Amino acid sequence: MSAQALAGALADERRRAVFAAIVLGAADIPAVVSRTGLSARDAATAVRRLTDVGVLTDDGAGLRVDGQRLRDFARVGGPPAPAPAATPRETTLRTFLRDGTLTRLPAQRSRRRVLLEHITERSFEPGVRYPERAVDDALRRWCEGGEADHVSLRRYLIDDLLLTREHGVYWRP
């Protein structure tokens, strides 16, 4: 993280509000929205930007300020070793999945495809035939607590040819 990147990340009023909310204990997007009054989209965008520059991290227990990186930056008076850049795939998965739950389906086709491939790889073995009920059960687990539903998810998997269906039986080609 450079001084310029840090200043740029915190130059925006919304990102500063999100940063402050997380410092004060907000651990996820809904908590940030509640504390800041921002829209979920603005809060998620700010979190993504602050995470990309290394100010925030999501350690599995929720969002938090990466205090060690800030201390390293202050101690040496310059940027610490750069954090490895997240790939577009990692960024997409981090944006739309929280604790193994699909928060929502992306509108952008390329991002949705990345997410659908991830879900398919982790839910279905290639060549194994699944009855519709088993497919629905597997997809419901991804959708619990999020905005997406398993029926839409199943339709996207079929439309994108990640699952094939014939007479109520599904398989991953």
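Biologist: Which residue stands opposite Tyr-170 in strand 7?

Modeller: Tyr-130 stands opposite Tyr-170. The model is predicted, so local features need pLDDT of at least 70 and side-chain atom pairs count only at pLDDT 80 or more, whereas totals for chains, interfaces and linings use all residues. Residues are numbered from 1 along each chain as its sequence is written, and side-chain values use heavy atoms, with hydrogens and water left out.

Biologist: What makes strand 5 and strand 7 a pair?

Modeller: Two strands pair if DSSP finds at least two bridges between them. Strand 5 and strand 7 (residues 169–171) have three bridges in the antiparallel sense, and therefore they count as paired.

Biologist: Why are strand 5 and strand 6 called edge strands?

Modeller: The open sheet has three strands in the order 5-7-6, with antiparallel pairing. Strand 5 (129–131) and strand 6 (164–166) each pair on one side only. The twist averages 30° from one strand to the next.

Biologist: Which helix lies across strand 5 and strand 7?

Modeller: Helix 8 (residues 132–143) does, running at about 85° to strand 5.

Biologist: Why is helix 2 called roughly perpendicular to helix 4?

Modeller: Helix 2 (residues 13–23) and helix 4 (residues 40–52) pack at an angle of about 80°, with their axes 9 Å apart. Angles of 65 to 115 degrees count as roughly perpendicular, those under 35 as roughly parallel, those over 145 as roughly antiparallel and the rest as oblique. The angle between helix 2 and helix 4 therefore makes them roughly perpendicular.

Biologist: Which residues of helix 2 and helix 4 meet?

Modeller: Arg-14, Arg-15, Val-18, Phe-19 and Ile-22 in helix 2 meet Asp-42, Ala-43, Ala-46, Val-47, Arg-49 and Leu-50 in helix 4; contact means heavy atoms within 4.5 Å. By class, this contact has seven nonpolar, no polar and four charged residues.

Biologist: What makes a residue of helix 6 count as buried, and which residues are buried there?

Modeller: Buried means under 20% relative accessible area, exposed over 50%, and partly exposed in between, with a 1.4 Å probe and protein chains only. In helix 6 (residues 88–96), Thr-91, Thr-92, Leu-93, Thr-95 and Phe-96 are buried. These residues pack against helix 4, strand 3 (97–98), strand 4 (101–102) and helix 7 (109–123).

Biologist: How many residues does the protein chain have, and what share is buried?

Modeller: The protein chain has 173 residues, of which 40% count as buried. Its secondary structure comes to nine helices and seven strands.

Technical notes: Axes are lines fitted to C-alpha atoms, for helices over the stretch in contact, and angles run from 0 to 180 degrees between N-to-C directions. Helices (H or I, at least four residues) and strands (E, at least two) are DSSP runs, numbered from the N terminus. Ala, Val, Leu, Ile, Met, Phe, Trp, Tyr, Cys and Pro count as nonpolar, Asp, Glu, Lys and Arg as charged, and the others, Gly among them, as polar.
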